[in-house]
Amino acid sequence: MIPFLQLVSLFLTTMRILSGIQPSGTLHLGNYFGMMKPAIEWQDRGEALYFIADLHALTTVQDAAELRSNVRDVAVDFLACGLDPAKACFFQQSQVPAITELAWILSTLTPMGLLERCHSYKDKLAKGLAPTHGLFAYPVLMAADILIYDSDVVPVGKDQKQHIEVARDLVLKFNDTFGDTLKLPEPSIPDHTAVVPGLDGEKMSKSYRNTIGMFEEEKSLRKKIMSLKTDSSPMEAPKPVENSTLLDLYKLVASPSDHSQMVAEFLAGGIGYGDFKKRLFGAIWEYFGPMRTRREEILAHPDLVDTVLREGREKANGIADGVMARVRTAVGL
Ligand code: ADP
Ligand code: TRP
């Protein structure tokens with residue numbers, strides 16, 4: 001959370017908002033509610049810069065055709081979800097060369113212990129990824145992403161919080177060593193949807209194969225929702241409302257009154273999980289309906305995506321080059 005006074009002072013100047021998403025697979029409800037929706041809401045509150053983190057994705061996607069197609073899919077999906085290029089600058093990370101230059105400079109100040117403490121590195125190794133330098137240095141590149149634009153606020157899901165802390169540590173270290181040069185960013189993490197559960201009740205994540213895609217085909221979406229893990233309460237029995245994946249997901253996509261009604265029906269008993277699942281399916285399908293329509297429109301005009309990303313690239317480089325010039329002077333390059 002951003003401290004109140006800082007928030008007030010941020011509003012008095014134009015706030016710069018920055019976030020990125022990796023093109024490493026099909027986007028799911030966790031990505032949408034954890035990062036994309038908040039980022040889209042932020043685009044009305046300042047100067048937003050959102051990018052597709054293709055350099056980061058190289059740590060896991062090592063197939064050129066797959067990476068290119070993932071980048072395209074993320075661009076289309078983010079635009080379909082409401083990223084408005086008239087309000088937010090949207091671009092590809094690899095199109096801003098200053099990022100990798102800043103990442104190197106930051107790496108010369110980064111204590112090994114800081115990176116060794118990062119959960120996401122350890123989690124990725126635990127999931128079977130090879131321990132490469134790229135994976136280890138991932139937070140340094142992410143710090144460069146943020147600091148190269150003098151970003152004020154970084155809307156991300158809860159699992160990225162530690163990475164923002166690394167970026168903040170590096171600002172303090174850099175400014176202490178070379179004088180006041182880099183701006184201290186603040187994370188913005190949605191409280192209400194800290195972690196979106198997947199079909200098995202664990203955190204929804206493509207590496208756990210428990211995701212619900214935003215733009216799944218109707219048949220496959222229905223099948224997935226009907227397979228959602230529930231307890232074995234019989235139809236007539238009241239159902240537990242705490243830690244119910246079904247209710248947690250429904251809350252994200254239904255109106256508050258529909259959600260309250262489902263809670264009351266859980267408590268009353270008499271309705272089976274099958275009925276609730278059908279309702280959840282309907283609510284998800286309806287929630288993403290307007291975005292599905294917009295997505296079809298975008299897919300019918302492929303040039304639109306190229307134009308948006310080209311214009312975004314120009315603007316992003318303009319800002320990044322200015323900050324990079326400051327950094328080069330500060331360090332003596
Ligand atoms: P995945 O876990 O599927 O690989 P990513 O790590 O690519 O997802 O996440 C991209 C963004 O979406 C991050 O900002 C992350 O915090 C957010 N995010 C991913 N999964 C969830 C979830 N289950 N709940 C909330 N936010 C999520
Ligand atoms: N690491 C983020 C993720 O996996 C993506 C990312 C890369 C990012 N650079 C960033 C997010 C800078 C915010 C700011 O979701």
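Reader: How much area is buried between domain 1 and domain 2?
Author: Happy to start there, with the note that this is a predicted model, where local features need pLDDT of at least 70, side-chain atom pairs count only at pLDDT 80 or more, and totals for chains, interfaces and linings use all residues. Residues are numbered from 1 along each chain as its sequence is written, chains are lettered from A and ligands numbered from 1 in the order in which they are written, and side-chain values use heavy atoms, with hydrogens and water left out. Buried area is the accessible area (1.4 Å probe) that two parts lose on being put together, summed over both. Carbon and sulfur atoms give 85% of the area buried between domain 1 and domain 2, which comes to about 380 Å².

Reader: Which residues make up domain 2, and how far apart are the C-alpha centres of the two domains?
Author: The bounds come from an automatic or database domain assignment. Domain 1 covers 4-195 + 302-331, while domain 2 is 216-287. Between their C-alpha centres the distance is 35 Å.

Reader: How many salt bridges does the rule find across the interface of domain 1 and domain 2?
Author: The rule looks for a side-chain nitrogen of Lys or Arg within 4 Å of a carboxyl oxygen of Asp or Glu. Across this interface, the number of salt bridges found is 0.

Reader: Which side-chain atoms lie by the nitrogen and oxygen atoms of ligand 2, and how much of ligand 2 does the protein bury?
Author: Good one to check on the structure, using polar contacts (a pair of N or O atoms within 3.5 Å; within protein, one must be able to donate a hydrogen and the other to accept it, and residues adjacent in sequence count only if both atoms are side-chain atoms). Gln-22 places a polar side-chain atom 3.1 Å from an oxygen atom of ligand 2, Asp-145 has one 2.7 Å from a nitrogen atom, and an N or O atom in the side chain of Gln-160 is 2.9 Å from a nitrogen atom. Accessible areas come from the Shrake-Rupley method with a 1.4 Å probe; for residues, only the protein chains shown count as cover. Taken alone, ligand 2 exposes 370 Å², and the share buried by the protein is 90%.

Reader: What lies by the oxygen atoms of ligand 1, and how much of its accessible area does the protein cover?
Author: A polar side-chain atom of His-28 is 2.7 Å from an oxygen atom of ligand 1, and one of Asn-31 is 3.1 Å from an oxygen atom. Gly-157 contributes a backbone N or O atom, at 3.3 Å from an oxygen atom of ligand 1. Of the 540 Å² that ligand 1 has on its own, the protein covers 91%.
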